Amino acid sequence: MRKRMRTTAVAAVAAALSAVLAAPAVAAGPGADRTGDTGDHRATTRAVRAAVQGGVPGVTLQAEDRRGVWTITAGVGDLRTERPRSPRDRYRVGSITKTFVATVLLQLEAEGRLSLDDTVDSWLPGLVTGNGHDGTRITLRQLLNHTSGIYNYTADEDFGRTYFLKDGFLEHRYDTLAPEELVRVAMSHEPDFAPGAGWNYSNTNYVLAGLVIEKATGRPYGEEIRRRVIRPLHLTGTSVPGTRTGVPGPSSRAYGKLTEDGSGPVHDVTRLNPSMAFSAGEMISDSEDLNRFYRALLTGRLLPKKQLDRMTDTVTVDDTHGYGLGLMSTELSCGVTVWGHGGGIHGSTSDAVTTRGGRHSLAFNFNGDWSGDPEAVIEAEYCGD
């Protein structure tokens, strides 16, 4: 549910290393660089090992470039049995869901079924109102690029205590939440700014975007993603779970500290009801599927040129990041720009990026949420040895 620059309590980086984690075992998968730690991906190998040495239970990663497919795993997928991670692991992808949602909305625009200039209120009358929020002044484009000013419901303190911190999460991890409930949490706060007057990452924007898809099509947003993206691209490891609490196999366990500062014991948080994220971050995928999805998206297989141009028209976030419509651009230290999204949800931190022409793709997952630096892995892959 979180962007790459993680800010919630669940994603706080621990100051000390976890004592229960041993030094990583690293395995190269099929299609890997056969020279091991001396080939083109050796910087990535070091970055993956460093993540596990720094406290991440395990990592699974796949890269694809003109030389072929390369995979690596490190650490463990199960702290109890010490079973290693698998290159085929499925995992919760958090906010990477947002790119799928934005893709479907842009497809609907290309079909003439809605316009990005439509107001939220024209599709969801009366839902975005209260404490200064006004859905009649917010466009669908502003939802997708986070310039709406709508408050982020996951930043609500009560919501955080109930669903992110230990006592609340352990009691409420299986609760089913309606998306309208999530929006009401946001409406209990004032907006961050007037529509179009700033940029702030808000999960509420994409809960609303999912509801707009449902209103425009008459079908659940997840069914539209399956029909328009998952099935055409044959993404066999990708799903929209709804209220299903487990992760389909093959998969690893997911771990969290469930504290504000990332300290304390590790908890198995694999099973949860992802309705708390809805269309802002509930999806499950694997590294192969994510690479295929972002390559297809950036090379025009999913959107006409007009809509893809709109998706990649970014708002400046900081010196190196821009945010388009469900798609983030990152300028790396070596001058390479990659496009994709990061995502975090309990026990799972994921990233998937590709170059603009889709020639070099990377997707990976940490099965822990309190440690690790995803951008260091991306830097290593694209700017390393």
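By the rule used here (a side-chain nitrogen of Lys or Arg within 4 Å of a carboxyl oxygen of Asp or Glu), the count comes to 18 salt bridges. The structure is a predicted model, in which local features need pLDDT of at least 70 and side-chain atom pairs count only at pLDDT 80 or more, while totals for chains, interfaces and linings use all residues. Residues are numbered from 1 along each chain as its sequence is written, and side-chain values use heavy atoms, with hydrogens and water left out.

First, the overall picture. The protein chain has twelve helices and 16 strands; these are DSSP runs numbered from the N terminus, with helices (H or I) needing at least four residues and strands (E) at least two. Of the 385 residues in the chain, 59% are buried. For accessibility, buried means under 20% relative accessible area, exposed means over 50%, and partly exposed is anything in between (1.4 Å probe, protein chains only). Taking contacts as heavy atoms within 4.5 Å, residues 24 or more positions apart make up 71% of the contacts with a separation of 6 or more.

Back to the salt bridges. One of them joins Arg-310 to Glu-109, with 2.3 Å between the closest N and O atoms. Arg-310 sits in helix H11 (residues 305–311) and Glu-109 in helix H2 (residues 97–110), so this pair ties together parts that are 201 residues apart in sequence. Glu-109 is buried, at a relative accessible area of 10%, whereas Arg-310 is partly exposed at 27%.

Another salt bridge pairs Arg-228 with Glu-111, at 2.7 Å from N to O. Here Arg-228 belongs to helix H9 (residues 221–230) and Glu-111 to the loop between H2 and helix H3 (120–123), so parts 117 residues apart in sequence are tied together. Arg-228 is buried, with a relative accessible area of 10%, and Glu-111 is partly exposed at 43%. Both residues also belong to a network of salt bridges that links Glu-111, Arg-113, Arg-219, Glu-224, Arg-227 and Arg-228.

There is a local case, too: Arg-161 and Glu-157 meet in a salt bridge with an N to O distance of 3.9 Å. These two are four residues apart in helix H5 (residues 157–163), which puts about one helical turn between them. Arg-161 is partly exposed, at 43% relative accessibility, and Glu-157 is exposed, at 60%.

On to the aromatics. A pair of aromatic rings is described by the distance of the centres and the angle of the planes. Rings of Phe, Tyr and Trp (its six-membered ring) pair if their centres lie within 6.5 Å; planes under 30 degrees apart count as stacked, over 60 as edge-to-face and the rest as tilted. The structure holds nine such pairs. Among them is a stacked pair of Phe-100 and Phe-293, with 3.8 Å between centres and 10 degrees between planes. This pair links distant parts of the chain, with Phe-100 in helix H2 and Phe-293 in helix H10 (residues 287–298), 193 residues apart. Both Phe-100 and Phe-293 are buried. Phe-159 and Phe-164, by contrast, pair edge-to-face, at 6.0 Å centre to centre and 75 degrees between planes. Phe-159 is buried at 5% relative accessibility, and Phe-164 is buried at 4%. Together with Tyr-153 and Tyr-163, these two rings form one aromatic cluster.

Phe-193 lies in the loop between helix H7 (179–187) and helix H8 (203–217), and is buried with a relative accessible area of 18%. Leaving aside neighbours within four places in sequence, Phe-193 contacts His-146, Thr-147, Ser-148, Gly-149, Gly-198, Trp-199 and Asn-200. Phe-193 and Thr-147 are 46 residues apart in sequence but 8.7 Å apart in space, C-alpha to C-alpha.

Finally, helix packing. The axes of H2 and H8 come within 10 Å and cross at roughly 40 degrees. Axes here are lines fitted to C-alpha atoms, for helices over the stretch in contact, and angles run from 0 to 180 degrees between N-to-C directions. H2 and H8 are therefore oblique to each other, given that angles under 35 degrees count as roughly parallel, over 145 as roughly antiparallel, 65 to 115 as roughly perpendicular and the rest as oblique. The crossing of H2 and H8 is left-handed, meaning that the near helix is turned anticlockwise from the far one by less than a right angle. Residues of H2 that meet H8 include Val-101, Leu-105 and Leu-108, and those on the H8 side include Tyr-206, Ala-209 and Ile-213.
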